[in-house]
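Hi everyone, thanks for making time. I'd like to walk you through one structure today, so please have a look at it first.

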Amino acid sequence: AMLDAESDELQADLQQVLTAAARGRQMVQRILAFSRRSGEDVAPVDIAPIVTETLRLLLPTLPSGVSVDFDGGERVPAVMGDAGQLHQVLLNLCSNAIYAMRSTGGTLTVRLTNTEMMGAPFLRLVLSDTGVGMSPEVLERAIDPFFTTKPPDEGTGMGLAMVHGIITGMGGSFRLESAPRRGTVAIIDLPVE
């Protein structure tokens, strides 16, 4: 239809349709990632380089007054997962933290540690920010699909639901702790390989 469109106005309208279709496709992919895990790309993944790469991508986009603190010093074991999905998880959580500090400034702290759950070794990833935090009501609904406190053009409400789906699909756990004006802490525990 775009090839046959004679007016610039019609071309622009058709381009908007294509853009909306692409967004819809991305949304469906996120919903599928949330609802089921694809076992095709599961392999041992060293998460520390993924954290480093994600933070390196985000550094140039940090608002004034926002800093990142990551110490990859503690050696942590690999986890069984999909590197692309773990990158998506980190990008989403870091972006949310940065968004929460955009007007006040603050620090995003990322830590990787070894821990144990029920006698089994786990990797713990903790991301904490000093942003605006969440009320108990918002915190209770934060991982619900399509729930968002962002304006319509800034969020879909699928980010934390997707994070939860990916992490639980890997056999891990994901939880949030937050309070107004005290920031938010995201805690991920993943079984090691």
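Predicted model: local features only at pLDDT ≥ 70, side-chain atom pairs only at ≥ 80, totals over all residues.

The protein chain has five helices and seven strands. If you trace the elements from the N terminus, the order is α-β-α-β-β-α-β-β-α-α-β-β. Along the principal axes, the C-alpha atoms fill a box of roughly 65 × 40 × 35 Å. Of the 193 residues, 34% are buried. The accessible surface is about 10,900 Å², and carbon and sulfur atoms contribute 54% of that. If you take the contacts with a separation of 6 or more, 68% of them join residues 24 or more positions apart.

Now to the helices. Please find α2, residues 47-58, and α3, residues 83-100. How far apart are their axes, and at what angle do the two helices pack? The axes are 10 Å apart and the angle is about 45°. That falls between the 35 degree limit for roughly parallel and the 65 degrees where roughly perpendicular begins, so α2 and α3 are oblique to each other. The crossing of α2 past α3 is right-handed.

Which residues make this contact? From α2 they include Ile 47, Ile 50, Val 51 and Leu 58, and from α3 they include Leu 86, Leu 90, Cys 94 and Ile 98. By class, the contact of α2 with α3 has 12 nonpolar, three polar and one charged residues. Glu 53 is among the α2 residues that take part. As you'll remember, an α-helix has 3.6 residues a turn, so residues three or four places apart point the same way.

Helix α3 has another partner, α5, which covers residues 159-169. Here the packing angle is about 145°, with the axes 10 Å apart, and α3 passes α5 in a left-handed crossing. On the α3 side we find Gln 85, Val 89, Asn 92 and Asn 96, among others. They meet α5 residues including Leu 160, Met 162, Val 163 and Ile 167. By class, that contact has eight nonpolar, five polar and no charged residues. Leu 86 of α3 is listed in the contact with α2 and in the one with α5.

Let's stay with α5 for a moment. Is it enclosed or open? Eight of its 11 residues are buried, so α5 is largely enclosed by the rest of the structure. Among those buried are Gly 159, Ala 161, Gly 165 and Ile 166. Just after α5, Gly 171 takes a positive phi of about 85°.

Key: Residues numbered from 1 in each chain as written. Heavy atoms only, no water. Axes fitted to C-alpha atoms, helices over the stretch in contact; angles between N-to-C directions. Helix = DSSP H or I, 4+ residues; strand = E, 2+ residues; numbered from the N terminus. Parallel < 35°, antiparallel > 145°, perpendicular 65-115°, else oblique. Left-handed = near helix turned anticlockwise from the far one by under 90°. Contact = heavy atoms within 4.5 Å. Nonpolar A, V, L, I, M, F, W, Y, C, P; charged D, E, K, R; others polar. Buried < 20%, exposed > 50% of the residue type's maximum accessible area, 1.4 Å probe, protein only. Areas by Shrake-Rupley, 256 points an atom, 1.4 Å probe, with all protein chains shown as cover.
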